[in-house]
Amino acid sequence: MMRVEITKQKQKLFFIKSYQYLWQLEEVIQEICKNATPQLQLSVLGKLTQDCISNNKESIKDEKKLKNYWKGSLGATSDFGLFCNPEIGTLFIVGDLTHQFLHDMDGKPLGEMSSGSYGILRGLGISENNASMYIKDLNKDCFLLILRSYDFELDIMQELIENFK
């Protein structure tokens with residue numbers, strides 16, 4: 001009798017890719033959703049403005065529109081939030097990583113701290129150089145697609161993304 005040994009990977013890993021245009025990101029997300037397993041966690045981090053948005057009627061209306069848009073794209077149960085990082089501006093986060101960026105640290109969301117977004121990326125296991133590159137991309141108004149899963153699925157998703165045109 002042949003014995004098969006299955007090794008289980010206990011830790012999920014992250015894959016991040018930046019996109020200059022929303023239409024590129026939308027197309028890739030649609031393709032990912034067609035091919036993903038339920039274990040795949042997807043988040044999007046993006047910049048809204050260089051300035052911090054205050055809680056006026058117009059900004060609240062814009063936030064609701066943006067929230068509805070992303071819930072339509074990623075599913076009604078997707079978490080969503082806005083925060084203002086002093087070095088980058090007003091950012092949005094949608095998906096499974098929302099709680100990390102909005103985690104309360106002494107009355108302030110972690111993402112709002114001066115190096116909060118960089119620190120969160122580093123905490124995800126992203127190298128110093130790559131985390132700095134992703135922060136620069138956010139400053140250039142790029143969107144970050146962040147995938148979390150086991151390495152075998154991330155390999156499949158990375159190949160799918162790189163071959164997607």
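Biologist: Which residues does Leu121 touch, leaving out those up to four places away in sequence?

Modeller: Happy to start there, with the reminder that this is a predicted model. Leu121 touches Ile16, Ile126, Ala131, Tyr134 and Ile135. A contact here means heavy atoms within 4.5 Å.

Biologist: What makes you call Leu121 buried?

Modeller: The word is used for residues under 20% relative accessible area. Leu121 has a relative accessible area of 0%, so it counts as buried. This residue is found in helix α4.

Biologist: How do you know that the buried residues of α4 are on the same side of the helix?

Modeller: The buried residues in α4, which spans residues 116-123, are Gly116, Ser117, Ile120 and Leu121. Their arc around the axis is only 135 degrees, and therefore they sit on the same side of α4. Among the elements that cover them are β1, β3, β4, α3 and α5. After α4 comes Gly125, with a positive phi near 100 degrees.

Biologist: Is Asp106 buried or exposed, and how do you know?

Modeller: Exposed means over 50% relative accessible area. Asp106 has 82%, so it is called exposed.

Biologist: Why is Asp141 called partly exposed?

Modeller: That label covers values between the 20% cut-off for buried and the 50% cut-off for exposed. With a relative accessible area of 43%, Asp141 falls in that range, and therefore it is partly exposed. Asp141 lies in the loop between α5 and β7, and this non-glycine residue also has a positive phi, about 70 degrees.

Biologist: And why does Ala36 get the label partly exposed?

Modeller: The reasoning follows the 20% and 50% cut-offs again. Ala36 has a relative accessible area of 30%, so it is partly exposed. Look for it in the loop between α1 and β2. Ala36 touches Glu153 and Met157, with residues up to four places away in sequence not counted. Ala36 and Met157 are 121 residues apart along the chain, while their C-alpha atoms are separated by 7.8 Å.

Biologist: How do you know that β2 pairs with β7?

Modeller: Two strands pair if there are at least two bridges between them. β2, residues 41-49, is joined to β7, residues 143-149, by 6 bridges, so they pair. These strands run antiparallel. Gln41 has Arg148 as its bridge partner in β7, and Leu45 has Leu144.

Biologist: Which other strand is joined to β2 by 6 bridges?

Modeller: That is β4, residues 89-95, and it runs antiparallel to β2. Here Leu45 stands opposite Ile93.

Biologist: What joins β1 to β7?

Modeller: There are 7 bridges between these antiparallel strands. With at least two needed for a pair, β1 and β7 therefore count as paired. Tyr19 stands opposite Phe143 in β7.

Biologist: Why is β7 described as largely enclosed?

Modeller: Of its 7 residues, 6 are buried, which means that the rest of the structure largely encloses β7.

Biologist: How many residues line the largest pocket, and which lie nearest its centre?

Modeller: The lining has 13 residues, and Leu40, Leu42, Leu74, Ser78 and Asp96 lie nearest the centre. The pocket holds about 260 Å³ of space. α1 and β2 each supply at least two lining residues.

Biologist: What classes make up that lining?

Modeller: There are 6 nonpolar, 5 polar and 2 charged residues. Leu counts as nonpolar and Asp as charged, so Leu40 and Asp96 fall in those classes.

Biologist: To finish, what does the chain look like as a whole?

Modeller: It has 6 helices and 7 strands, in the order β-α-β-α-β-β-α-β-β-α-α-β-α from the N terminus. Of the 165 residues, 36% are buried. Among contacts between residues at least 6 apart in sequence, 68% join residues at least 24 apart.

Methods. Residues numbered from 1 in each chain as written. Predicted model: local features only at pLDDT ≥ 70, side-chain atom pairs only at ≥ 80, totals over all residues. Heavy atoms only, no water. Helix = DSSP H or I, 4+ residues; strand = E, 2+ residues; numbered from the N terminus. Buried < 20%, exposed > 50% of the residue type's maximum accessible area, 1.4 Å probe, protein only. Arc of directions from axis to C-beta. 1 Å grid on protein atoms, 1.4 Å probe; cavity = no way out; pocket = protein on both sides within 12 Å on 5 of 7 lines; lining within 4 Å. Points joined across faces, edges and corners; volume = space filled by probe spheres on them.
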